[in-house]
Amino acid sequence: MNYAFDYGWLFVYWPVLVKGIGITLELTLVGGVLGVALGIACAWARALGPGWLRPVVATYVELIRNTPFLIQLFFIFFGLPALGVRMGELEAANLAMVINLGAYGCEIIRAGIQATPNGQFEAGASLGMSRLQTFWHVVLIPALQRIWPALSSQIVIVMLGSAAVSQIAAEDLTFAANFIQSRTFRAFEAYFVATAIYLALAIALRQALRGLGWTLFPKRTAR
Amino acid sequence: MSLIEITEVKKRFGDNEVLKGINIDVAPGEVIAIIGRSGSGKSTLLRCINGLETIDEGSISVAGAQLLPDELHLKALRLKVGMIFQQFNLFPHLTAGRNVMLSQMVVKKTPKAEAEAMAKKMMERVGLGHKFDAYPDQLSGGQQQRVAIARALAMQPIALLCDEITSALDPELVSEVLAVVKELAGEGMTLMMVTHEMRFARDVCSRVVFMHQGRVHEIGKPEDVFSSPKTPELQQFLGVAH
């Protein structure tokens with residue numbers, strides 16, 4: 001092996017990497033927060049919502065879970081303009097991630113809701129709370145607590161999957177690595193650095209989500 | 001004037017008729033014990049009174065609030081009757097105090113400070129003022145059940161329904177819960193309780209209802225029901241239960 005590793009380009013191109021990290025983090029934050037919110041709404045609709053809404057949400061969930069993320073992204077960015085819906089690459093990337101996590105999150109959160117003992121719903125009802133109030137104040141937090149590890153993993157998966165948005169020229173970390181290797185021809189080094197950064201981001205995100213879990217759920221769920 | 005009026009109530013689960021025309025009127029301040037074998041419909045009857053089960057025929061009203069299946073009527077009814085469950089059903093993610101505060105704030109829109117003051121008062125009333133900030137899983141079963149009672153009382157109901165509230169407790173914890181119930185009875189709270197505590201029923205209750213196969217089989221003052229049961233079914237039930 002006579003390949004000479006050269007990381008000298010880092011001195012020139014580090015701002016590109018930093019910008020890429022920033023965009024990847026922004027996509028993850030927006031996708032994570034709005035995606036989980038959408039997931040909660042859909043999980044409520046599918047588990048406890050009115051009868052007419054359930055098949056609508058089920059269709060959305062199955063559509064997203066059974067098609068590739070990249071196709072969803074292309075459809076939003078390249079397909080929708082044909083219908084007059086145009087958006088920038090970042091908006092399209094954000095939207096695709098929210099829709100994607102919303103569907104997977106829906107199924108994970110629904111499992112948490114359906115594991116709720118019936119007595120919790122009855123206790124809420126017997127105190128005069130409406131079904132929605134009982135869901136919001138009584139059922140939701142313990143349900144999220146039950147499935148928090150699974151939901152955290154899904155958020156990390158979505159963060160790593162955001163690499164696909166480089167394909168619509170959203171300037172995330174993967175886009176930065178592609179850009180650098182095309183300028184420097186240092187493919188190994190560029191992707192090695194990108195890999196290391198993704199790894200560090202994923203570990204940091206997991207830890208952050210664990211910490212968030214501790215503050216959201218100060219107590220173990222009974223039973 | 002009756003507080004709780006149960007008239008010709010029938011309830012079916014599929015083909016199985018579990019309540020076959022129940023009539024009971026409860027006067028304010030009465031303490032009613034409902035006894036009977038499992039499957040006799042006693043828990044179902046109790047659950048119908050605050051709308052946890054729908055009824056197929058007949059009518060139920062509590063202090064003028066009719067049992068009707070829409071959310072508005074159900075809420076009005078449930079503000080008048082509190083319910084305590086066998087499994088306590090405390091909200092595990094909230095402290096005891098928060099458990100007692102929640103429905104006041106959510107349902108009655110009581111300001112937080114007021115709800116907290118009421119919660120403290122009710123926790124004192126069940127002898128748990130010092131456990132205000134404890135989570136349910138840090139409390140014994142008896143303590144959890146007393147928090148559940150405080151939680152129901154904080155909504156200031158006119159009547160309380162108790163569904164086998166000591167059945168899930170270790171024997172040594174039963175008396176602390178019954179003591180609280182006895183105190184409530186003494187203060188004039190209207191109570192309907194499904195119970196297997198025959199001694200408690202005899203000592204505290206104003207009337208005893210014996211249910212058998214979905215009907216009120218015998219009803220009367222505890223001394224009559226327990227000392228001179230008229231029907232062979234009740235005689236047999238008491239023979240088994242004693």
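Chain A has 8 helices and 0 strands, where helices (H or I, at least four residues) and strands (E, at least two) are DSSP runs numbered from the N terminus. Read along the sequence, the pattern of chain A is α-α-α-α-α-α-α-α. This is a predicted model, in which local features need pLDDT of at least 70, side-chain atom pairs count only at pLDDT 80 or more, and totals for chains, interfaces and linings use all residues. Residues are numbered from 1 along each chain as its sequence is written, while chains are lettered from A and ligands numbered from 1 in the order in which they are written.

**Chain A overall**

- The C-alpha trace of chain A spans about 75 × 45 × 30 Å along its principal axes.
- Of the 223 residues in chain A, 38% are buried; a residue is buried if 20 or more other C-beta atoms lie within 10 Å of its own, exposed if 12 or fewer, and partly exposed in between, with C-beta atoms placed from the backbone.
- Among contacts in chain A with a separation of 6 or more, 78% come from residues 24 or more positions apart; two residues are in contact if their C-beta atoms, placed from the backbone, lie within 7 Å.
- An unreviewed UniProt entry annotates residues 21–209 of chain A as "domain: ABC transmembrane type-1". UniProt positions are given in the numbering used here, feature names are shortened, and annotations may be inferred rather than shown by experiment.
- Residues 21–209 of chain A are 81% helix and 0% strand, and the end C-alpha atoms of this span are 18 Å apart.

**Contact between chains A and B**

- Chain A gives 20 residues to the contact and chain B gives 22 residues.
- On the side of chain A that touches chain B, the elements giving two or more residues are helix 5 (118–126) and helix 6 (131–161) of chain A.
- Helix 5 of chain A supplies the largest share of that side, 6 residues.
- By class, the side of chain A that touches chain B has 9 nonpolar, 8 polar and 3 charged residues. Ala, Val, Leu, Ile, Met, Phe, Trp, Tyr, Cys and Pro count as nonpolar, Asp, Glu, Lys and Arg as charged, and the others, Gly among them, as polar.
- In helix 5 of chain A, the buried residues are Q120(A), A123(A), G124(A), A125(A) and S126(A).
- Their cover includes helix 6 of chain A, together with helix 2 (71–78) and strand 6 (81–84) of chain B.

**Chain B: annotation and helix 1**

- UniProt, in an unreviewed entry, lists residues 4–238 of chain B for "domain: ABC transporter".
- That span is 39% helix and 26% strand, with its end C-alpha atoms 27 Å apart.
- Helix 1 (residues 42–49) of chain B is mostly covered, with 8 of its 8 residues buried.
- The buried residues of helix 1 of chain B include K42(B), R47(B) and C48(B).
- Just after helix 1 of chain B, G51(B) has a positive phi of about 80°.

**Chain B: packing around helix 5**

- Helix 3 (residues 96–107) and helix 5 (residues 141–153) of chain B pack at an angle of about 25°, with their axes 8 Å apart. Axes are lines fitted to C-alpha atoms, for helices over the stretch in contact, and angles run from 0 to 180 degrees between N-to-C directions.
- Helix 3 and helix 5 of chain B are therefore roughly parallel to each other; angles under 35 degrees count as roughly parallel, over 145 as roughly antiparallel, 65 to 115 as roughly perpendicular and the rest as oblique.
- A96(B), N99(B) and V100(B) of helix 3 make this contact with V147(B), A150(B) and R151(B) of helix 5.
- By class, the contact of helix 3 with helix 5 of chain B has 4 nonpolar, 1 polar and 1 charged residues.
- Helix 5 and helix 6 (residues 171–186) of chain B pack at an angle of about 15°, with their axes 8 Å apart, which makes helix 5 of chain B roughly parallel to helix 6 of chain B.
- Residues in this contact include R146(B) of helix 5 and E176(B) of helix 6 of chain B.
- The contact of helix 5 with helix 6 of chain B has, by class, 4 nonpolar, 3 polar and 2 charged residues.
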